[in-house]
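Here's a quick briefing to read alongside the structure. Have a look at it first, then work through the points below.

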Amino acid sequence: VTYKIDCLPWQAPPGGDKCEECNEPMKPCSEYKCKSLGQSCEFINKGMGNETCVAIDTNDVSSPRIKPMLSVLPKDLQTEVQATDEPSNPGYTIKKKLKAFTPVTIGISTDEPSQCKLAAEPKKKFEEMTQYFGSSVYVYNHTTRFTLPSELTKQEVVVKNNGEYAIYVRCRDANGNENENDYFIKFTVDSTPDLTPPEVRY
């Protein structure tokens, strides 16, 4: 039996099925390690402290799938959420009324590392939106903290909108795919007088 051996440069396996294996919390990923796992693997968020290995598929036309991240909500709100997965109108509603000046943390998660932005108006393209939903890097979990301004509790504003407001979210993956329909986060403002005393923060 004759064997022929050629000494050739090593090539990463085709595809990107194993790219995510590089993202172990206890074992930092590197660009070399990422690209060695597959020819479609790409190292993103370089130098931003949240480097991630993802599969870049030129045939990928699917936008990130967004879900509510209820664990970041205050405990009294976690059971007050109504979510919908309808493709034409996805999102979730916080049913319990929110008070002005009370900071609230809200969150979403995506099924692939993504950048997410939010806006107060619907039907805006990702590039038109100016405020990131938390970090500007590609991550799975996105959180932001906001405080309702007193302007929303004014009687004329509450009557006009029935006290209901919404934040509209769009997310984009590393391939540039963004969700076609807005992902909404709706809430209702408590119209009762604000009796909360000022709180000194450092």
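**A strand on the inside**

Strand S9 (residues 164–173) has 9 of its 10 residues buried, so the strand is largely enclosed by the rest of the structure. Keep in mind that this is a predicted model.

**Who pairs with S9**
- On one count, S9 teams up with strand S6 (residues 103–119), running antiparallel over 6 bridges.
- In that pairing, Arg172 of S9 has Gln115 standing opposite.
- S9 also pairs with strand S10 (residues 183–189), again in the antiparallel sense and over 6 bridges.
- Here Val169 is the residue that stands opposite Tyr183 in S10.

**A nonpolar patch on the surface**
- Val1, Tyr3 and Ile5 together make a nonpolar surface patch of about 490 Å².
- Tyr3 sits in the segment before helix H1 (31–36).
- With a relative accessible area of 68%, Tyr3 counts as exposed, because the cut-off for that is over 50%.

**The chain overall**
- There are 3 helices and 10 strands in the chain.
- Going along the sequence, they come in the pattern α-β-β-β-α-β-β-β-β-β-α-β-β.
- The chain has 202 residues, and 37% of them count as buried.
- Take the contacts in the chain with a separation of 6 or more: 64% of them are between residues 24 or more positions apart.
- The chain's accessible surface is about 13100 Å², with 51% of that belonging to carbon and sulfur atoms.

How values were computed:
Residues numbered from 1 in each chain as written. Predicted model: local features only at pLDDT ≥ 70, side-chain atom pairs only at ≥ 80, totals over all residues. Heavy atoms only, no water. Buried < 20%, exposed > 50% of the residue type's maximum accessible area, 1.4 Å probe, protein only. Helix = DSSP H or I, 4+ residues; strand = E, 2+ residues; numbered from the N terminus. Pairing = 2+ DSSP bridges. Patch = residues over 30% accessible without salt bridge, like charges linked within 9 Å, V, L, I, M, F, W, Y side chains within 5 Å. Areas by Shrake-Rupley, 256 points an atom, 1.4 Å probe, with all protein chains shown as cover. Salt bridge = Lys/Arg side-chain N within 4 Å of Asp/Glu carboxyl O. Contact = heavy atoms within 4.5 Å.
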